[in-house]
Amino acid sequence: MEFVTLNDGNKMPVLGFGVFQVDPKETQRCVEDAISVGYRSIDTAQAYQNEESVGAAIKTALVGGLKREELFITTKLWISDTGEERALKAFDASMKKLGLDYLDLYLIHQPYGDIYGSWRAMKRLKEQGRIRSIGVSNFYADRVVDLCENSGVIPAVNQLECHPFYQREALKHTLEDYGIAFESWASFAEGKNDIFKNAVLSGIGEKYGKGSAQVILRWLIQRGIVVIPKSEKIERMRQNFDIFDFALAPDDMAAIAALDTDKTLFFDHADPERVKWIIHAFDK
């Protein structure tokens with residue numbers, strides 16, 4: 001496994017396993033399979049509603065002999081629980097579900113609500129040793145700069161939509177300026193635009209004896225981006241893990257770079273109507 005050293009000195013695997021949109025009933029099995037393949041970084045979130053299942057899989061792994069320090073566990077704070085006191089309570093709830101004494105990475109899931117109150121809570125939890133690293137998710141460049149310049153603590157990670165069709169190069173430069181690690185969600189664009197059948201990606205894959213998914217993950221990692229692909233099939237998990245025995249040549253990297261449309265395939269966090277939708281997505 002390769003690692004990235006975060007700006008707080010902690011190390012994070014460049015390849016992890018994500019559980020977004022995994023049914024809670026299937027999550028424990030999927031995480032147990034992923035750990036058996038070799039994944040040690042697991043990414044979940046309060047909003048995914050499968051933290052408890054992730055925790056059950058972690059417990060199984062630890063009982064089986066895996067050491068806690070070998071794992072890197074991430075979860076995220078949802079909008080409804082932003083603010084200093086709410087964030088502290090939400091963190092405790094997540095930790096109870098995960099069954100952990102400390103968390104490796106805690107992220108503010110969306111750039112809305114009382115993010116500054118949340119950030120104060122997260123800083124306090126980090127100082128107490130309950131969280132090793134704190135970061136954000138879906139923060140565009142303006143929100144990143146605002147938080148960095150006004151909070152006193154620079155995020156360790158920003159998790160964002162990133163794939164061959166939406167490469168976020170300008171935002172990547174902003175993160176580099178502050179020493180913030182870039183982590184990709186939707187690395188495969190959730191299959192949109194027939195990404196797995198894309199002629200450029202499949203053609204490059206043939207050169208290396210790899211599939212399009214492996215090419216995408218390798219391309220992201222070579223750009224210095226952390227990846228957390230999801231799959232419910234152990235065969236796919238193995239394929240996604242098998243990306244450290246080759247490197248893409250500069251002309252292949254350039255060919256993939258040419259696929260960029262500079263447009264989201266999901267939602268624009270600067271669109272007022274989408275912002276309203278995200279904020280109220282989990283209203284009861």
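Contact here means heavy atoms within 4.5 Å. What you have above is a predicted model, where local features need pLDDT of at least 70, side-chain atom pairs count only at pLDDT 80 or more, and totals for chains, interfaces and linings use all residues. Residues are numbered from 1 along each chain as its sequence is written, and side-chain values use heavy atoms, with hydrogens and water left out.

**The chain as a whole**

- The chain has eleven helices and ten strands (DSSP runs numbered from the N terminus: helices are H or I with at least four residues, strands are E with at least two).
- Along the principal axes, the C-alpha atoms fill a box of roughly 55 × 45 × 40 Å.
- Of the 284 residues, 54% are buried (under 20% relative accessible area; exposed is over 50%, partly exposed is in between, with a 1.4 Å probe and protein chains only).
- Take the contacts between residues at least 6 apart in sequence, and 74% of them join residues at least 24 apart.
- The accessible surface comes to about 12700 Å², with 49% of it belonging to carbon and sulfur atoms (Shrake-Rupley method, 1.4 Å probe; for residues, only the protein chains shown count as cover).

**The largest pocket**

- The largest pocket has a volume of about 1100 Å³ (on a 1 Å grid over the protein atoms alone, a pocket is an open set with protein on both sides within 12 Å along at least five of seven lines, while a cavity is a set of points where a 1.4 Å probe fits but cannot get out; lining residues have an atom within 4 Å of a point).
- Volume is the space filled by probe spheres set on the grid points, which are joined across faces, edges and corners.
- The pocket has 44 lining residues, and Phe-20, Gln-21, Ala-186, Glu-190 and Lys-230 lie nearest its centre.
- Strand 9 (181–185), helix 8 (212–222), helix 9 (234–241) and helix 11 (272–279) each supply at least two residues of that lining.
- By type, the lining splits into 19 nonpolar, 17 polar and eight charged residues (Ala, Val, Leu, Ile, Met, Phe, Trp, Tyr, Cys and Pro count as nonpolar, Asp, Glu, Lys and Arg as charged, and the others, Gly among them, as polar).

**The cavity**

- There is one cavity of 30 Å³ or more, and the space in the largest cavity is about 30 Å³.
- Its lining is Asn-138, Tyr-140, Leu-160, Glu-161, Arg-168, Trp-185 and His-269: three nonpolar, two polar and two charged.

**Helix 8**

- Helix 8 is mostly covered, with ten of its eleven residues buried, among them Arg-218 and Trp-219.
- The cover over those buried residues includes strand 9, helix 7 (199–208), strand 10 (225–227), helix 9 and helix 10 (250–257).
- After helix 8 comes Gly-224, with a positive phi near 85°.

- Thr-74 sits in strand 5 (residues 72–77) and counts as buried because its relative accessibility is 0%.
- Beyond its neighbours within four places in sequence, Thr-74 contacts Ile-42, Asp-43, Thr-44, Leu-105 and Leu-107.
- Arg-132, in strand 7 (residues 131–137), is partly exposed, at 32% relative accessible area.
- Neighbours within four places aside, Arg-132 is in contact with Asp-8, Asn-10, Tyr-102, Leu-103, Asp-104 and Lys-126.
- C-alpha to C-alpha, Arg-132 and Val-144 are 20 Å apart, and they are twelve residues apart in sequence.
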